[in-house]
Amino acid sequence: MTLADVWYWILALLLWLYVFTDGFDLGVGILCLVEQNEPRRSVMIETVEGVWHANQTWLVMLGGVLFGAFPLVYGTVLAALYLPAGFLLFALMTRGMGIEYRPETDDPRFWSQVFGWGSVAVTVAHGLLLGAILQGMPFDGLRYLGGPLDWLAPFPILVAVTLLCLYPMFAAAWLVLKTEGELQDAARLWGIRFGSAAVACLVLLVGYIALDGSLGHLVGRPGQGGLSPLFVLLLVVAVLNAALYFRALGKGWEHRPLMYCAAMLAFVFLAFGLNLFPLIVPPAVTAASAAAPDDMLRVMLYVIGGLMPVVLFYNAYQYRVFRGKAVPGEEA
Amino acid sequence: MDFLADALLLSRVQFALTTAFHILFPPLTIGLAVYLVVLEGLWLRTRDLAYYRQFRFWSGLFAVNFAVGVVSGIPLEFQFGTNWGPFSATVGNFFGQVLGFEGTMAFMLESAFLYIMLFGWKRVGPRMHFFATIMVCFAASLSAFWILVANSWMQTPSGGHIANGVFVVTDYLAAIFSPDLPLAFSHMYLACLELTAFVVGAVSGVYVLWGRHTAFFLRSFKFAALAAVVLAPLQALVGDLNGQEIGRIQPAKVAAIESHWDTNKPGTGAAWHVIAWPDPEAERNVFAISIPDVLSLLITHDPTGIVPGLKDFPKQDRPPIVLPFYSFRLMVGVGTAMIAVMAWTILLWRGGRLTVERAGQNRLLFLSWALMAPGAYVAVIMGWVTREVGRQPWLAYGLIRTENGHSALSAGEVGLSLAGFCVAYTLLFGLFIHFMGKRLRRGPDLDELPPPAHRPKPAVG
């Protein structure tokens, strides 16, 4: 395994951490548009108040690591995806303002809506960006050969819709863990509805890939339709975890739904990651061709790799401090 | 309206605008974090509830500023990729890594402990809470350090060379501790502390003027004044050292800042222009009010020291002049006014005028402090304008030119995002002012008690 490969997988780990953790707090935002009762919304938002910031910081880290380890990718892909990347930034601002300023005002209803719609916008931007990269971006060296609107295509839109179901599915599992009573019951119901929709979207997405030969690079069959056995196997495990998620919700377990969400996402990531590897931007840019020189990657590995356990430790500590059920109106 | 069709210019305007907006917020949080550590330390040591309430009040302002700082800061990291792609591809090895270090070491640490500091009072004990506050402070300062590492490297890129169109680092420490870093970081860090001192002083002063919570705010006012005694003169000293250093490492910048065209001949001094209007075509000043020898004195500390003029540099390597010239003078002007206000405060304090009973009579003093708060923000922005415009026409000085570092975007795309940023940042600023004003009108809670676990144990006996 080369250093570029190591960084490829660190990047995948960071992306998984980001999508999972920011995923559930974005999902809470989306569910805030479903739940109309303002006091209940308050409790929902309070469950993420202490952690959403650190969750979002995985994105900043992801950006920094991508910039440092794969500067060619950073300097080309983001420029080629200028409009959706810009949209993501504005969406992040909107969501951030919604959650940060809500407790400062006398009109929480309005700010809950800002938080909710901001979360929807962030999710859509995630989907479009991820979908656009996954469907393939043609590059000739540093020159982008596609158009400025290539991300506005069926596949990225399908990915965005999938995330719009997946994040609330995570959020429901989170809320089951963090709330009690009626709100917890509502969360279970959301979990089943959005979870079913997410699984349906995922299946639809895989079907689309299997039929569209141009997306074969995603499933280990570049240039052709169908699915590789490895992909099918990992995806089946992912769906199995989704089934366990529904079962855990039905049994009234509180911790397990969230765990199964994390596991499901991990297997989805593995399914795509293992088949895509060593491509970092399909169809042609590999990790090795876009990586920084080896001695740079080595220094970075010592510094960031050495710090990762520490970062994970104090993030875990933070979750521990804010553990337990959300208590309405607690701010001190 | 030609500039609307120029994607490079629009990208530059966008970066300038977003950075200038962002820089309004971190300096106060960096400085306030230090103040919060001091306040909590005093609270734990003395168990005087006044310190606890001070902490709660100022940490509220910290939270409002931190929120806007983060929200406005994320676009900066991403603009390197979106708008400055070739620059990122060329120097990302090192430059991107530094930003990665900032995210991993500093920003993540700050985000994780911030909420324990703000909302963790009931959930952790006094020691752990104090530790969280210290971590927030440490992380905020570390953040500033790494950002300055990245920026200083753009000023004096070192520790490597360009090979096959990519910057290769050969000496890591030399790249991180580039020649510009020590003084640039000191200057900026002091600016953060100084700005905070004057903002805390201004807020406190306005309350004293209103006659609200006079005792509470006289306490924080005196903290601010004491800090200013150290910081304001020290900043002048570091600024002067910085000026000399830039004279050595970026002589073209100094020549532009001073609108200085002709290198002075040996044995004669270079004149310092108080005011000037340059004519870059004719390579001279249309008019200038000048003091003989002072420029040589300022830059070399020798009345006949040689200061290279703009004509020593090829035309295409000269920075713009008007902007650095006037922004520099504004920054120095504010710095000088701060020293004056600080000295005046000390005089009145020693004269016994800063007591709860008599403080309200010194209206002019508190009004001057109130003016110094926006002044401090102006000084910070002007300092950065001087520094960054003076670096032109380079992105990384001598290594990659601005015109070669931007992404091949259409003017329409950049125009759209620029318009978006204008609207978003106007809204953000309006909201910030609104909520900041709300917090300030509400004022401190003077009856607030810490959660039981944080209260001093009753005396035995």
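## Loops and backbone exceptions

Helices (H or I, at least four residues) and strands (E, at least two) are taken as DSSP runs and numbered from the N terminus. On that basis, A:Pro283 falls in the loop between β3 (279-281) and β4 (285-286) of chain A. The model is predicted, and in it the peptide bond from A:Pro282 to A:Pro283 is cis, with omega near 5°.

Chain B also contains a cis peptide bond, between B:Gln392 and B:Pro393, where omega is about 5°. B:Pro393 sits in the loop between α12 (363-389) and β5 (394-396) of chain B. Most residues other than glycine have a negative phi, and most peptide bonds are trans. B:Asp293, which is not a glycine, has a positive phi of about 65°. This residue belongs to the loop that runs between β4 (284-291) and α10 (294-300) of chain B.

## Confidence

The predictor assigns the complex an ipTM of 0.87 and a pTM of 0.91. For chain B the mean pLDDT is 89, with 98% of its residues at 70 or more. Where pLDDT is low, the predicted coordinates should not be read in detail.

## Interface of chain A and chain B

The size of an interface is often given as the accessible area lost when the parts come together. Here chain A and chain B bury about 5,800 Å² between them, and carbon and sulfur atoms account for 72% of that area. The contact draws 61 residues from chain A and 65 residues from chain B.

Two salt bridges are found across the interface. In one salt bridge, the side chains of B:Lys438 and A:Asp106 meet at 3.4 Å, N to O. On the side of chain A that touches chain B, at least two residues each come from α3 (52-69), α4 (71-80), α5 (82-101) and α12 (294-321). By residue class, that side of chain A divides into 40 nonpolar, 12 polar and nine charged residues.

## Helix α13 of chain B

Helix α13 of chain B covers residues 411-442, 32 residues in total. From its first C-alpha to its last, α13 reaches 46 Å, close to the 46 Å expected at 1.5 Å a residue. Just after α13(B) comes B:Gly443, with a positive phi of about 75°.

B:Leu440 is part of helix α13 of chain B. Apart from its neighbours within four places in sequence, B:Leu440 contacts B:Phe57, B:Leu61, B:Val203, B:Tyr207 and B:Arg212. B:Leu395 is 45 residues from B:Leu440 along the chain, and 41 Å separates their C-alpha atoms.

## Helix α1 of chain B

B:Phe15 is placed in helix α1 (residues 7-22) of chain B. When residues up to four places away in sequence are not counted, B:Phe15 touches B:Leu76, B:Gln79, B:Phe80 and B:Trp84.

Key:
Residues numbered from 1 in each chain as written. Chains lettered and ligands numbered in written order. Predicted model: local features only at pLDDT ≥ 70, side-chain atom pairs only at ≥ 80, totals over all residues. Heavy atoms only, no water. Contact = heavy atoms within 4.5 Å. Buried area = accessible area lost by both parts, 1.4 Å probe. Salt bridge = Lys/Arg side-chain N within 4 Å of Asp/Glu carboxyl O. Nonpolar A, V, L, I, M, F, W, Y, C, P; charged D, E, K, R; others polar. pLDDT = per-residue confidence, 0-100. Expected span 1.5 Å × (residues − 1).
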